[in-house]
Amino acid sequence: SGEALAWLETRSPSVAILDYMLEDGPCTPLVSALRARRVPFLVYSGFPAPPASSELGEVRWIGKPADRAALLGAIAQLVSASQDLQRV
């Protein structure tokens, strides 16, 4: 997540898709940064979704492998959410 956090210092994506376990650890610092920037995101991971009571409990989580239609639908929802945020 270190490289992604550095990238976010000068850029702001419209949407983001994260894997839970990145090369340098869990994506939780990146999740915090995206939330602070109000960037819609989801986690696409082979790790099981965390319990609702955890820091990541309310994050949209799609398990690998996922049905192509389900993944594309989730991405479409992210794009729609991003467009809604840009209008505000």
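**Briefing: pocket lining, parallel sheet and ring cluster**

The lining of the largest pocket holds eleven nonpolar residues, no polar and no charged ones; here Ala, Val, Leu, Ile, Met, Phe, Trp, Tyr, Cys and Pro count as nonpolar, Asp, Glu, Lys and Arg as charged, and the others, Gly among them, as polar. The model is predicted, so local features need pLDDT of at least 70 and side-chain atom pairs pLDDT 80 or more, while totals for chains, interfaces and linings use all residues. Residues are numbered from 1 along each chain as its sequence is written, and side-chain values use heavy atoms, with hydrogens and water left out. Helices (H or I, at least four residues) and strands (E, at least two) are DSSP runs numbered from the N terminus.

**Largest pocket**

- Two or more lining residues come from each of α1 (2-8), β1 and α2 (28-36).

**Sheet**

- Three strands form an open sheet in the order β1-β4-β5, with parallel pairing; two strands pair if DSSP finds at least two bridges between them.
- Strands β1 and β5 stand at the edges with a single partner strand each, so one side of each has no neighbour in the sheet.
- From one strand to the next the twist averages 25 degrees, taken between axes that are lines fitted to C-alpha atoms, with angles from 0 to 180 degrees between N-to-C directions.
- Three bridges join β1 and β4 in the parallel sense, and Ile17 has Leu42 of β4 as its bridge partner.
- Strand β4 (residues 41-45) and β5 also run parallel, over three bridges.
- On the β5 side, Val43 stands opposite Trp61, and Ser45 has Gly63 as its bridge partner.
- Four of the five residues of β4 are buried (under 20% relative accessible area, with a 1.4 Å probe and protein chains only), so β4 is largely enclosed by the rest of the structure.

**Aromatic pairs**

- Rings of Phe, Tyr and Trp (its six-membered ring) pair if their centres lie within 6.5 Å; planes under 30 degrees apart count as stacked, over 60 as edge-to-face and the rest as tilted.
- There are two aromatic pairs by this rule.
- The ring centres of Tyr20 and Trp61 are 5.7 Å apart and the planes stand at 40 degrees, so this pair is tilted.
- Tyr20 lies in the loop between β1 (16-18) and β2 (21-22) and Trp61 in strand β5 (residues 61-63), so the pair ties together parts 41 residues apart in sequence.
- Tyr20 and Trp61 are both buried.
- A cluster of Tyr20, Phe47 and Trp61 is linked by ring pairs.

**Loops and a helix position**

- A cis peptide bond runs from Lys64 to Pro65, with omega near -10 degrees, and Pro65 is in the loop between β5 and α3 (68-87).
- Arg38 is placed in the loop between α2 and β4, and its phi is near 60 degrees, a positive value in a residue other than glycine.
- Arg38 is exposed (over 50%), with a relative accessible area of 53%.
- Leu85, in helix α3, is partly exposed (between the two cut-offs) at a relative accessible area of 29%.
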